[in-house]
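Let's take a walk through this protein, from the inside out. Have the viewer open and follow along.

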Amino acid sequence: MDNTTDAFAARSPQMTPDHDVATARHVVAASLLAWMLDACDFFIVLFTLDDVARSFGVSLESVLLAPTLTLLTRPIGAFICGRAADRYGRKPVMITTIIVYSVIEVLSAFAPTLATFLFLRTLFGIALGGEWGVGTSLIMESVPVSWRGMASGILQAGYPAGYLLASLVFLLLPVLGWRGLFILGGSALFSALYIWIRVPESPEWLARQRHGGATAPATAGLWPVIRGNVALCVFAVTLMAAFNFMSHGSQDLYPKVFLGLERRLSHPSITLIVVLYNIAAIVGGLFFGMLSQRIGRQYSIALAALLTLPLLPLWTLPHSTVWLTVGAVCIQFCIQGAWGVVPAYLSELSPPSVRATFPGLAYQCGNLIAASNALLQASVASFLGTGLAPALMLTVGGGAVVVLTLTLLNARRHRGAEASSVP
């Protein structure tokens, strides 16, 4: 592993007693549950856009503002919640974040007007953006070092698991209506209760607090940390932008527009493909997360990105449902496999004083840059006049090349630094 990983490992507690292992398992389970339910609540909105528009008597384009506003406010949440967690602790901020997004989800069900609904979804973005970074710091600082790769894969598997859960919850739409689904989404409150009862504060944060290392950096502000780590910040945001082009580029327009409109697959076939590729995404995240514990974070990410490239034609060019399914399953295994290493990788790159802020803010700023993905893909498809397949391959392939290049360059830089330090 690189020297940032080793430095983080040296500072992290080595937990061997059975009760510490049991505690670590609760931390992993709680972080997974929180991120999965957070993602589920977000995807419920995407699945019910048509129904929300009809309910308010407005166009679909008007309701599309909801996920856009949620996306725009995610970096704000990453900053606010991350700074609060670096100052006051991971556990209370994570509990607060989950309570906030659960309450907002329920309130969205009772929104009387579209304006109120959009306002609530804007606030939801702040909580959504804050939860991931805080959960990442809590889990990476609480589990044994030997678990970190696996824990990273488990945490990130919460996103496709939330996508999968939302697609299953969506089956209840004829019974509950979109408002009922939103109320059901508020059940994420139970994960906050679980964290409150079974999950302790990060031992590393507590150690810095006892030695006076937690309050001083928080008081000094984030800017001095950014100013002292400009190259690291640019690297992390650029990397996460490429990661998000890979992820959103392979998911946003693929099910409804590509499979539905261009390949004319039936709704049951599309649903089956979505379920299968989300299962593959979960498995991929776990596989490459655990692999990173053996070969290093950068090389695990690079391998997953490299394997994505030859799969692009299989993913987009076939007209057969079987081969489209195979392509979608394989490419999500690799893309979300690379994502499975991200929580551990960003945590180990992060300066210790801002570990709750840095990973989440880098992720959400990169996500903000990639917010143009759907528009970019549609524009490329229109310009080429050949359908969506080339646009999908260009954006996802371009993201994979950037991820591959940056991670290998960073690995080479660390090797050079280690070699220069040897007398």
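Which residues touch the most other members of the largest nonpolar core? They are Phe117, Phe243 and Tyr254, in a core of 119 residues. A nonpolar core here is a set of buried Ala, Val, Leu, Ile, Met, Phe, Trp, Tyr and Cys residues joined through side-chain atoms within 4.5 Å. Helix H2 (residues 18-47) is the biggest giver to this core, with 16 residues. Helices are DSSP runs of H or I with at least four residues, numbered from the N terminus. The core also takes at least three residues from each of domain 1 (20-204) and domain 2 (222-422).

Before going on, a word on what you're looking at. This is a predicted model, where local features need pLDDT of at least 70 and side-chain atom pairs count only at pLDDT 80 or more, while totals for chains, interfaces and linings use all residues. Residues are numbered from 1 along each chain as its sequence is written, and side-chain values use heavy atoms, leaving out hydrogens and water.

Now back to the two domains, whose bounds come from an automatic or database domain assignment. Their centres, taken over C-alpha atoms, are 21 Å apart. Across the divide, 40 residues of domain 1 are in contact (heavy atoms within 4.5 Å) with 41 residues of domain 2.

Zoom in on Phe117. Setting aside neighbours within four places in sequence, Phe117 is in contact with Val52, Phe56, Ala66, Ser108, Ala111, Trp178 and Phe182. Then try Ala39 in helix H2. Ala39 counts as buried because its relative accessible area is 1%, and the cut-offs are under 20% for buried, over 50% for exposed and partly exposed in between (1.4 Å probe, protein chains only). Not counting residues up to four places away in sequence, Ala39 touches Gly158, Tyr159 and Gly162.

Charged groups next. The structure holds seven salt bridges, each a side-chain nitrogen of Lys or Arg within 4 Å of a carboxyl oxygen of Asp or Glu. In one of them, Arg83 pairs with Asp86, with the closest N and O atoms 4.0 Å apart. These two sit about one helical turn apart because they are three residues apart in helix H5 (residues 65-88). Arg83 is buried at 11% relative accessibility, and Asp86 is buried at 1%.

Glu141 and Arg90 make another salt bridge, at 2.9 Å from N to O. This pair ties together distant parts of the chain, 51 residues apart: Glu141 is in helix H7 (residues 114-142) and Arg90 in helix H6 (residues 90-109). Both Glu141 and Arg90 are buried. Over in helix H18, Arg297 meets Glu348 of helix H20 (residues 342-349), again with 2.9 Å from N to O. Arg297 is buried at 0% relative accessibility and Glu348 at 3%. Salt bridges with shared partners join Arg83, Asp86, Arg90 and Glu141 into one network.

Finally, the outside. Phe190, in helix H11 (residues 189-198), counts as exposed because its relative accessibility is 60%. Arg264 sits in the loop between helix H16 (254-262) and helix H17 (267-295), and its phi is near 55°. Most residues other than glycine have a negative phi. Arg264 is exposed too, at 71% relative accessible area.
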